[in-house]
Amino acid sequence: MTRRRIHAGGVGRPVVAVPKGAMYQDALHCLTGAGYDTNSVLVNERKQLFVDERIMTMRPSDVATYVAEGAADIGIVGKDVIVESALGTSLYELVDLKFGGCRMSLATIAGDRDPVWDSMQRLGVARIGTKYPRSTFQWAEATGRSVDIIELKGSVELAAVSGLTDGIVDLVDTGRTLAENGLVERAQLWTSTARLIANPVSYAQQGAEIDRLASALEHAAKERR
Amino acid sequence: MIATPAGVRDMLPQEMAEVADVVRPFRHELESAGFGEMHTPALEFESVMALGDVESTEPAFRLIDEMGRTLVLRSDMTIPVARVVATRLREDDPPFRLYYVSHVYRGQPSRAGHPREFLQIGAELMGRPGTSGTLELLGPLVRSLASIQLERYSILLGDTTLFPRLLEGLEVPEPTRSELLHELVTRDLAGFRRIVETAHEQGVMSESAAALIQEAAHTRGNLSLFEDLDPRLRGVGETLETLLRSADEDIRRHVIVDFALVRKLGYYTGEVFEIHHPGIGEPLGGGGRYDGLLARFGRPLAATGFGLTVERLHEALRADDDLLKNELRTGSAPPAI
C-alpha cells in the first residue's frame, strides 16, 4: 500500500514504470508512439523520475512492485518478472507487447552426461542454481521433479561450471553466454515476452485512458517488429 | 528477543485517537440505518470457517485445544456473522442488520500494507434480496465515507454472474469457458485475449462472439455506458443497470461499472464491489451479494455485506490531504518523492 505522490488524483497521463536493460529501447519507442515525451529520458541515463513526462525508469525486476503498490499506474515488464513476483491480483496484465522475447531454460555443463538427469536418477534430487526460485519450483512441481533450489543473485553460469549445482535455470536470449561458459540448454521451461501491466486502482479509475494507451502501445510495438 | 512477530504491531495513543475518529462516524451512520454492532470471538472452529470459501480466506493460524479440536484465528468476518444468524438468531425473523469493528487475521506474506492482523469495519444485511438489498447496504456505506470526509473514492461495481451468463448465452464450450473465467479472476487480460483468439482460430467461437467477449472484458464506465451497449451486453448487465438507475445521486456519482470485476472470495453470487481511492494503490475494501452462504449454515437467506480495512481508510484520509495540496502546486515545482 503506497501513498502515491506524483498523482494528482488520477488527473493526467498515467505514470509509467519503464524497465532498464534489454527492453529499454523498445519500451521507450512504444511509449513515444503512444504519445509520451521520452526525449529527456533518452539523454538522462542516471535520472529515474521524470515528473512532467510521467515516466520512471528502474531495474526490470522492480517494475511489478512499483505498479502493484501503486507508485506507478502502468508498467512494461517481462512475463518472467510477473511470474517471479507472485503479486497475483495486485496487478492487471493488459497486453502482450510481444517484444523482449526470451526463454526460461534449464542448462548444464555440455557433454553426454546431463548432471541434472544423473543426479535425479541416482540421488533422487538435483541441485539447481537460479535467480528465479519461484519459476524453478513451479516447473519442478509441474513436471514431478525433485530439486534443491539454491538462490543466487549474480551470474548463475558459474554455479553449474564450478560444481556448486548440477544445473541452472536462467533467462536465455541468444544462448551465447551459456555457450561461452561451456553450458548447454537441456530444457525450455517457458517463453516470455514484454507485457503491459496496470495497478488495479489506477485501472479502475482511469480505465478508458489506460485501455486507449494499451492499444496505442500495442500498435507501436507491432510497427517496430 | 523483545519484539512482535512480523505483520502485527502495537498502536500508540495518537494513532489510536485518529483511528477512533475514522470508526466513530461509521458507527453513527450504521446505527442510524438500523444496524446493530456485534462481536464474535477471534477463535473459531476450523470446521466452521471451512463452510465459507476455504481457498481464499484460508485461515493461517491454527491452534489445537485441550480436546484435540482445531481452532483458527478468524480470517473473515462474514462467516462468523452468518454462523450467529443461523444459530443464536435462528428464532428471529429477518432481515438482520449487523455491523462489526473487529480484527481479522490473514497469513499473507508480509508485503507492505498486508499485515497479518488488521481492523475491519463492516456490515451485513441478511434477508434482503436483490438490488434493493444491495442499495440498502450501499446507502450507509456512502454516508459513512462522506462523514469521515473521504473525497474522490470510487466504487467499482461488477456482477459475478455476468460473465458466466454471457459465455453460456454465447454457447462457449468447456474448457474455454472455465479458462476465460480463470483469467478474469487472475486479472490477466492478455491471457484472456489469447484464449479468445485461440478459440476463434480453432473454430469453437464465432468472430462476433469473440469480439463481444473481448468488448465485455473492457466494458467500464458510469450509467451512460449502457446506452450505446450491444443489446446482448446490455442484457447480461441488466442487474447492474437496474441497480444504478434506482440508486440516488450520492451513490451513483461514485460508481464505476466494470463488467470484468470478479472478487476473489468464492461465496459471492451477484453484485460485487470494491472501494478505491486514487491515493492508495490497493482497494480500501469491498463486498457484495452472497445469497448462497447462509444455506451452508442451514438457514437459506439472501444477503449482502461490505468490509473495509480501517488502517487503509486512515491512510487514504492522509493521502487526500496530500492530493489536495498537490493540486495547488504548479507543474514546474515537482513534489518530493
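This is a predicted model: local features need pLDDT of at least 70, side-chain atom pairs count only at pLDDT 80 or more; totals for chains, interfaces and linings use all residues.
I started with burial: 52% of the 337 residues in chain B are buried, where buried means under 20% relative accessible area, exposed over 50%, and partly exposed in between (1.4 Å probe, protein chains only). Residues are numbered from 1 along each chain as its sequence is written, chains are lettered from A and ligands numbered from 1 in the order in which they are written, and side-chain values use heavy atoms, with hydrogens and water left out.

**Entry 1. Chain B as a whole**

I looked up the secondary structure and got 13 helices and 12 strands for chain B. These are DSSP runs numbered from the N terminus: helices are H or I with at least four residues, strands E with at least two.

Next came overall dimensions. The C-alpha trace of chain B spans about 65 × 65 × 45 Å along its principal axes.

On charge, I have 36 positive and 52 negative side chains in chain B, with the centres of the two sets 3 Å apart. Lys and Arg count as positive and Asp and Glu as negative, leaving out His and the chain ends; each charge is placed at NZ of Lys, CZ of Arg, CG of Asp or CD of Glu.

**Entry 2. Helix α1 of chain A**

I moved to α1 (residues 24-33) of chain A, where the buried residues are Tyr24(A), Asp26(A), Ala27(A), Leu28(A), Cys30(A) and Leu31(A). What covers them? The cover includes β1 (16-19), α2 (39-43), β3 (55-58), β4 (74-78) and α10 (207-224) of chain A. Just past the helix, I found Gly35(A) with a positive phi of about 105°.

**Entry 3. Salt bridges**

I counted 31 salt bridges over all chains, each one a side-chain nitrogen of Lys or Arg within 4 Å of a carboxyl oxygen of Asp or Glu.

Arg9(B) pairs with Glu15(B), their closest N and O atoms 2.9 Å apart. Arg9(B) is partly exposed at 44% relative accessibility, and Glu15(B) is partly exposed too, at 22%.

The bridge from Arg143(B) to Glu29(B) has its closest N and O atoms 3.6 Å apart. It links distant parts of the chain, with Arg143(B) in α5 (residues 130-147) and Glu29(B) in α1 (residues 13-32) of chain B, 114 residues apart. Arg143(B) is partly exposed at 40%, whereas Glu29(B) is buried at 17%.

Arg83(B) and Glu44(B) come to 2.8 Å between closest N and O atoms. Arg83(B) sits in α4 (residues 78-86) and Glu44(B) in strand β2 (residues 43-45) of chain B, so this bridge ties together parts 39 residues apart in sequence. Arg83(B) is buried at 19% relative accessibility, and Glu44(B) is buried at 5%.

I then found a network: Lys79(A), Glu93(A), Asp96(A), Arg195(A) and Asp188(B) are joined by salt bridges that share partners.

Reminder: most residues other than glycine have a negative phi, and most peptide bonds are trans.

Which peptide bonds did I note as cis? Pro94(B) to Pro95(B) is cis, omega near 5°, and Pro95(B) lies in the loop between α4 and β5 (96-105) of chain B. Glu174(B) to Pro175(B) is cis as well, omega near 5°; Pro175(B) is in the loop between α6 (162-169) and α7 (176-185) of chain B.

Arg54(A) is not a glycine, yet has a positive phi of about 60°. I placed Arg54(A) in the loop between β2 (49-50) and β3 of chain A, and it is buried at 13% relative accessible area.

Arg187(B), also not a glycine, has a positive phi of about 60°. Its loop runs between α7 and α8 (189-201) of chain B, and Arg187(B) is buried at 6%.

Technical notes
Contact means heavy atoms within 4.5 Å.
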